[in-house]
Amino acid sequence: MNKTDLLAVFDKDLAKLRKTLGGLDEQTASLSAPGDSVTLKGILAHRTHWMGLFHQWYEDGLAGRRVHVPAKGYKWNQLKTYNAPLYAKGEETALPDLLSDFESACNRLRAFIETRDDTELYTAGRYAWTGKWTVGRFAEATGPSHFRSANTYIRKALRAAT
């Protein structure tokens, strides 16, 4: 991937998710997909939080602070435990606030990508905290990849409700 491709997939996947989100109201946003307890509001809170985590990792790395990936005190195999309070917070938050926070996070992540070049985004090993991944891959994982999975989850929940 390169910056142009990343921005294209970002915009495409976000547009699809926004279209799906446009049909939500407070009641439908409280639905969950079949066999799952995570509400659509919880999904939005989760995706918003992870975009913020990306910026925290990046800023901590630039400042020379220890970068805790995925989060301080957690390993990748502990994400279910880490994510549970994120989902719960979403359930307690009004949908307009969640949507506003989500849009702000999307705008911030897109601006980050827009202001970087291919070298910064896709040079392996440029940042110690990214390990084998590039910072562009982290941006894709916390943005477009999460947009796709959120869209799939929300559409599944909405289909089951009809």
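User: How many salt bridges does a search of the whole structure find?

Analyst: This is a predicted model. A search through the whole of it finds 10 salt bridges. To count, a side-chain nitrogen of Lys or Arg must lie within 4 Å of a carboxyl oxygen of Asp or Glu. One of the bridges joins the side chains of R110 and D11, with 2.7 Å from N to O.

User: Which helices hold R110 and D11, and how far apart in sequence are the parts that the pair ties together?

Analyst: R110 belongs to helix α4 (residues 95-114) and D11 to helix α1, so this bridge ties together parts that are 99 residues apart in sequence.

User: Which salt bridge does R18 make?

Analyst: The side chain of R18 meets that of E103 in a salt bridge of 2.6 Å, N to O. R18 sits in helix α1 and E103 in helix α4, so the pair ties together parts that are 85 residues apart in sequence.

User: Are these side chains buried or exposed, or something in between?

Analyst: Look at the relative accessible area: under 20% is buried, over 50% is exposed, and partly exposed lies in between. R110, at 26%, counts as partly exposed. D11 has 33% and is partly exposed. R18 is partly exposed at 36%, and E103 is partly exposed at 25%.

User: What is the separation of E114 and R110 within helix α4?

Analyst: E114 and R110 are 4 residues apart in helix α4, which means about one helical turn separates them. Their side chains meet in a salt bridge, 3.2 Å from N to O. E114 counts as partly exposed, because its relative accessibility is 38%.

User: Which residues are linked in a network of salt bridges?

Analyst: A network of salt bridges links D13, R137, E140 and R148.

User: Which residues gather in a patch of positive charge on the surface?

Analyst: For a patch, look for like charges that are not in a salt bridge. Here K12, K16, K19, R155, K156 and R159 gather in a positive patch on the surface. The elements giving two or more residues to this patch are α1 (3-21) and α7 (144-161). Take K16 as a case: its place is in helix α1, and at 44% relative accessibility K16 counts as partly exposed.

User: Is H46 buried or exposed?

Analyst: H46, found in helix α2 (residues 40-62), counts as buried because its relative accessibility is 5%.

User: What joins the side chains of H46 and R47?

Analyst: A polar contact of 2.9 Å joins the side chains of H46 and R47. For residues adjacent in sequence, such a contact counts only if both atoms are side-chain atoms.

User: Where is the place of Q27, and is Q27 buried or exposed?

Analyst: Q27 has its place in the loop between α1 and α2. Its relative accessible area is 67%, so Q27 is exposed.

Note on methods: Residues are numbered from 1 along each chain as its sequence is written. This is a predicted model: local features need pLDDT of at least 70, side-chain atom pairs count only at pLDDT 80 or more; totals for chains, interfaces and linings use all residues. Side-chain values use heavy atoms; hydrogens and water are left out. Patches are made of residues with over 30% relative accessible area and no salt bridge: like charges are joined within 9 Å, nonpolar side chains (Val, Leu, Ile, Met, Phe, Trp, Tyr) within 5 Å. Accessible areas come from the Shrake-Rupley method with a 1.4 Å probe; for residues, only the protein chains shown count as cover. Lys and Arg count as positive and Asp and Glu as negative; His and the chain ends are not counted. The place of a charge is taken as NZ of Lys, CZ of Arg, CG of Asp or CD of Glu. Buried means under 20% relative accessible area, exposed over 50%, partly exposed in between (1.4 Å probe, protein chains only). A polar contact is a pair of N or O atoms within 3.5 Å; within protein, one must be able to donate a hydrogen and the other to accept it, and residues adjacent in sequence count only if both atoms are side-chain atoms.
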